[in-house]
Amino acid sequence: MIEKLLPPPIATAESFHDDPVSEMYPEEFALVAESVPHRQREFGTVRNCARRALGTFGVAPGPVLPGPGRAPIWPEGIVGAMTHCTGYRCAAVARATDIRSLGVDAEPHARIDDPGVLELVSLPEERTQIAQLSRHQPEICWDRLLFSAKESVYKAWYPLTGRWLGFEDAHLTLDPTNASFTARLLVPGPVVDGRSLGEFNGRWLIGAGLVVTAVTIPA
């Protein structure tokens with residue numbers, strides 16, 4: 001699925017099932033040694049996806065460990081992102097000379113049942129937009145799509161800034177005509193190649209019971 005959103009020069013890998021815990025590096029297993037087996041397997045599987053994607057660029061296999069903010073530490077000259085949810089794990093990487101940053105997120109394609117959660121992750125204008133879209137295309141879980149898109153935005157934002165970005169710090173507009181979205185930043189944006197970014201652009205895809213979103217910041 002993910003390759004439909006992120007074509008070359010971005011390399012992707014995904015899995016719809018988990019690898020054995022034994023396929024993790026010791027440094028990785030140490031981070032989840034006290035976790036339940038399910039968490040251990042998904043943690044290891046998404047990192048194996050990352051290793052497969054990195055292999056596209058000739059990067060030798062090695063542990064993929066979290067750094068500050070729990071963002072993955074990538075090899076020198078590489079940017080990337082990972083995500084996992086029930087029944088799906090994926091990773092995407094690229095050379096920093098091609099892509100400055102990227103973010104991916106996957107969620108079950110199901111509505112957010114708790115109105116309190118939706119209010120927490122969205123702005124009033126976004127909830128109005130979701131209600132309008134739902135009337136025209138009720139088969140799409142627009143609230144979950146919005147949440148996933150904001151997660152992708154954050155994953156692309158953090159490596160550029162090293163700062164937290166709250167759900168209220170970006171206003172998203174979802175475009176159903178071309179399965180894209182735009183995030184207008186409501187806080188000062190990162191400076192990339194000498195210019196300040198005021199918005200992030202992304203794409204989304206629904207299939208196999210999932211909603212997958214991706215954001216790329218080109219070099």
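Where does A179 lie? A179 sits in the loop between β5 (170-175) and β6 (180-185), and point 4 returns to this residue.

1. A word on the model. This is a predicted model, in which local features need pLDDT of at least 70 and side-chain atom pairs count only at pLDDT 80 or more, while totals for chains, interfaces and linings use all residues. Residues are numbered from 1 along each chain as its sequence is written, and side-chain values use heavy atoms, with hydrogens and water left out.

2. The sheet. Helices (H or I, at least four residues) and strands (E, at least two) are DSSP runs, numbered from the N terminus, and two strands pair if DSSP finds at least two bridges between them.

3. A cis bond. P8 and P9 are joined by a cis peptide bond, with omega about 15°. P9 belongs to the loop between α1 (2-5) and β1.

4. Two alanines with positive phi. Phi is near 50° for A179 and near 55° for A208; each value is positive in a residue other than glycine. A208 is placed in the loop between β9 (199-207) and β10 (210-218).

5. A buried aspartate. D19, in the loop between β1 and α2 (26-32), is buried yet has no salt bridge. The nearest side chain of opposite charge is R52, 6.0 Å away; Lys and Arg count as positive and Asp and Glu as negative, with His and the chain ends not counted. What does the side chain of D19 make a polar contact with? The partner is the side chain of N48, at 3.1 Å. A polar contact is a pair of N or O atoms within 3.5 Å; within protein, one must be able to donate a hydrogen and the other to accept it, and residues adjacent in sequence count only if both atoms are side-chain atoms.

6. Salt bridges. With a side-chain nitrogen of Lys or Arg within 4 Å of a carboxyl oxygen of Asp or Glu as the rule, the count is 7 salt bridges. D105 and K155 form one of them (3.8 Å, N to O), linking strand β4 to helix α6 (residues 142-161) across 50 residues. D105 is buried at 3%, and K155 is partly exposed at 22%. E126 pairs with K150, their closest N and O atoms being 2.8 Å apart. E126 is in helix α5 (residues 124-136) and K150 in helix α6, so this pair ties together parts 24 residues apart in sequence.

How values were computed: Buried < 20%, exposed > 50% of the residue type's maximum accessible area, 1.4 Å probe, protein only.
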